[in-house]
Amino acid sequence: MNGITIILVSAVVLIIGYLGYGRWLANQWAVDRNALTPAVRMEDGKNFSPASRFTVFAHQFSSICGAGPVTGTIVAMAFGWVPVMLWVLVGGIFFGAVHDFGALYASMKNNGKSLAQLIEKYIGKTGRRLFLLFSWLFCLIVIAAFTSMVAGTFKMTVADGGAVDYAKSYYGGAAGTISLLFTFVAILFGWACRKFDLKGWKELVCAVVLLVLMFAVGMQLPLYLDENGWIAVTMAYLVFAAAMPIQTLKQPRDYLTTIMMVVMIVAAVLGIFVMGANGQGEMTAPAFVGFTNASGQFLFPVLFVSVACGALSGFHSLVSTGTSSKQVSNETDALPVGYGAMVLESFVGMIAIVIAAIMYKDMNTAGVNGAAAATPFQIFAAGIAKGMTMCGLNQTVSTVFMTMCVSALALTSLDAVARIARLSFQEFFAKSNDALAVEREKAGVMKVVGNPWFATIVTLVCGLSLTFGGYLNIWPLFGASNQLLGGMTMITIAVFCKVTGRKGWMLYVPVVFLLCCTFTSLVQSIMGCTAAIATYGLLGTTAKGASVLLTSGLQLVFAVLLVVLGVIVSYNCLKEFFTKKAGSIPDEEPEWSELGRKHYEEAKKTPAMDAKKQVTA
């Protein structure tokens with residue numbers, strides 16, 4: 001099968017899904033273009049900050065498009081590329097995009113409440129703090145894993161004599177310099193857009209010029225640090241990304257990153273077409289291996305917990321409700337932001353599948369830094385860089401660009417998850433279930449833990465401790481915990497739809513499938529860990545016994561806790577779903593902040609502009 005055919009078919013299917021199913025959902029849920037959103041009404045200059053459609057789309061897409069659509073899809077190809085392709089397309093349109101859009105919309109109709117706050121409102125107080133603790137711990141694991149991933153991409157290579165191997169270290173060093181510049185340039189870009197009212201093509205041109213300059217400087221001044229040095233730099237960046245007002249750093253950085261991601265997608269598609277035209281676009285990987293892979297794992301549930309971000313990821317609900325719902329300035333933007341960003345991410349997943357299938361015959365002979373392209377990210381980067389080179393671009397520029405893109409996939413999700421973890425930490429100690437509780441409750445313990453800088457530092461210190469050891473022991477359960485989060489989100493959205501009088505039957509099949517898939521995976525993990533402990537972990541003081549007891553024992557505890565959490569939330573959700581009457585709870589009464597009221601009143605006095613557009617500006 002030629003890769004060009006798969007790319008064209010998947011693009012058409014995803015576009016039809018967005019224009020057909022996505023718009024149908026928006027009509028079913030009564031998206032109202034005249035309703036004032038929480039970002040407009042509750043603007044606070046920190047977390048609630050109305051932005052343009054593309055800016056919020058850029059934030060959502062860059063935050064959710066992390067390692068998942070590349071790593072998950074390529075790893076799952078152990079079952080063949082056909083089942084992975086089918087799950088990405090079907091899952092993206094009917095599961096993932098519905099999940100992201102539904103979470104975003106439910107939060108917007110409830111004054112920008114987070115997922116934990118929605119759970120308390122529609123399900124009960126039992127699971128709120130339990131869920132916040134789960135959310136915080138989940139985010140810590142992601143922080144640890146992605147920090148290690150970014151540092152590993154940028155780190156220098158040391159030769160046998162102890163000196164830096166500049167040839168092998170160049171690409172990572174150049175990409176690292178560009179990442180550092182990204183922080184300062186993003187702040188400058190955001191300030192310039194606000195100061196000089198840059199919008200539309202002016203904003204785009206400014207962003208492109210800054211990106212080109214960053215790449216030029218980074219390629220001339222590569223920074224060579226070891227892995228620990230880059231971990232320190234990454235953590236320092238996360239402090240500011242998580243604690244600063246969202247429009248100061250996060251919004252402009254996401255805008256710049258999304259432009260880079262779009263260029264990467266275009267370059268990948270063009271590269272696949274050029275390789276196909278030159279007779280090098282055949283997908284040589286097996287189309288279908290069987291219902292078990294080489295390791296003896298079954299297609300169900302392994303495939304569906306491995307392919308996360310490309311088809312459905314529970315983490316996306318934390319972004320939709322934690323940050324994006326506080327930036328959307330018009331309800332109609334929820335469709336392209338929630339549904340559209342997920343569809344585009346599914347397309348990135350399809351690109352990863354095609355590239356890996358094309359590179360299959362020689363994936364162990366071509367790499368990014370002169371090493372074998374053995375990991376999913378190396379295969380993905382090497383494949384696109386090869387296509388860019390065949391398009392006539394300089395090989396060094398292509399490789400640096402792809403190294404930067406690979407790191408950006410992890411880094412943009414990393415700063416989003418750090419911010420969400422900080423908010424989860426703060427919300428855990430809040431007494432009320434109000435969306436602005438963290439800002440309003442400043443007495444007692446909340447005076448300290450509610451401080452964004454304190455909450456950020458505590459969170460990142462814990463994440464840093466996991467980075468240096470511990471997270472790998474429970475990382476095998478990440479897929480199941482991520483999809484469990486997705487299942488809990490979907491069932492919460494289903495309750496929201498019923499009690500507010502909206503149609504929610506389209507959520508029932510995804511909810512049942514996700515819960516069955518997740519619990520099956522967790523039960524298998526529990527059985528596997530128990531068997532390993534029984535076989536090796538009880539051997540006393542032997543090294544192997546101690547190692548098994550540490551890894552399998554920790555996984556066993558974590559898996560049991562996940563099952564307990566899932567059962568508690570699912571039980572309470574189902575109880576509320578079957579006992580509450582349809583339409584018994586109206587949408588939350590609109591809430592206003594002083595700044596939001598002030599800007600809205602000022603906008604109404606300007607007859608030449610629509611009120612919401614004025615506020616957005």
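User: Which residues does leucine 132 touch, not counting residues up to four places away in sequence?

Analyst: Leucine 132 touches Ala116, Ser424, Glu427 and Phe428. Contact here means heavy atoms within 4.5 Å. The model is predicted: local features need pLDDT of at least 70, side-chain atom pairs count only at pLDDT 80 or more, and totals for chains, interfaces and linings use all residues. Residues are numbered from 1 along each chain as its sequence is written, and side-chain values use heavy atoms, with hydrogens and water left out.

User: How do I read aromatic pairs, and how many does a search of the whole structure find?

Analyst: Read two values: the distance of the centres and the angle of the planes. Rings of Phe, Tyr and Trp (its six-membered ring) pair if their centres lie within 6.5 Å; planes under 30 degrees apart are stacked, over 60 edge-to-face, and the rest tilted. The search gives 37 aromatic pairs. One of them joins phenylalanine 101 and tyrosine 105: a tilted pair, 6.4 Å centre to centre, with 45° between the planes. Both lie in helix 5 (residues 81-108), 4 residues apart, about one turn of the helix. Phenylalanine 101 is buried at 0% relative accessibility, and tyrosine 105 is buried at 0% as well.

User: Which parts of the chain does the pair of tryptophan 136 and phenylalanine 425 link?

Analyst: Geometry first. The ring centres of tryptophan 136 and phenylalanine 425 are 5.9 Å apart and the planes meet at 45°, so this pair is tilted. It links distant parts of the chain: tryptophan 136 is in helix 7 (residues 128-154) and phenylalanine 425 in helix 16 (residues 395-429), 289 residues apart. Both residues are buried.

User: Which residues form one aromatic cluster?

Analyst: Trp29, Phe101, Tyr105, Tyr122 and Phe496.

User: What lies over the face of phenylalanine 182?

Analyst: Arginine 253, at 4.5 Å from the ring centre. A charge sits over a ring if NZ of Lys or CZ of Arg is within 6 Å of the ring centre and within 35 degrees of the ring normal. There is another case at tryptophan 592: the charged end of arginine 597 sits over its ring, 4.0 Å from the centre.

User: How many disulfides does the structure hold?

Analyst: A disulfide is a covalent bond between the sulfur atoms of two cysteines. The test is a pair of cysteine sulfur atoms within 2.5 Å. The structure holds 0 disulfides. For cysteine 139, the nearest cysteine sulfur is that of cysteine 462, 12 Å away. Cysteine 405 has its closest cysteine sulfur in cysteine 65, at 10 Å, which is too far for a bond. Cysteine 139 is buried at 0% relative accessibility. Cysteine 405 is buried at 0% too.

User: Why is helix 3 largely enclosed by the rest of the structure?

Analyst: Because 10 of its 12 residues are buried. Among them are Phe57, His59, Phe61 and Ile64. The buried residues of helix 3 pack against several helices, including helix 5, helix 14 (334-359) and helix 16.

User: Which residues have the most contacts inside the largest nonpolar core?

Analyst: In soluble globular proteins, nonpolar side chains tend to be buried together. A nonpolar core is a set of buried Ala, Val, Leu, Ile, Met, Phe, Trp, Tyr and Cys residues joined through side-chain atoms within 4.5 Å. The largest core has 193 residues, and Tyr339, Phe380 and Met402 have the most contacts inside it. Helix 14 gives the largest share of this core, 19 residues. Leaving aside neighbours within four places in sequence, phenylalanine 380 is in contact with residues including Val70, Met264, Ile351 and Met402.

User: What joins phenylalanine 300 and proline 301?

Analyst: Most residues other than glycine have a negative phi, and most peptide bonds are trans. Phenylalanine 300 and proline 301 are joined by a cis peptide bond, with omega about 15°. Proline 301 is in helix 12 (residues 299-306).

User: Is asparagine 111 buried or exposed, and what is its phi?

Analyst: Asparagine 111 is buried, with a relative accessible area of 1%. Its phi is near 55°, a positive value in a residue other than glycine. Aspartate 197 also has a positive phi, about 55°. Aspartate 197 is partly exposed, at 45% relative accessible area, and lies in the loop between helix 8 (166-195) and helix 9.

Notes: Helix = DSSP H or I, 4+ residues; strand = E, 2+ residues; numbered from the N terminus. Buried < 20%, exposed > 50% of the residue type's maximum accessible area, 1.4 Å probe, protein only.
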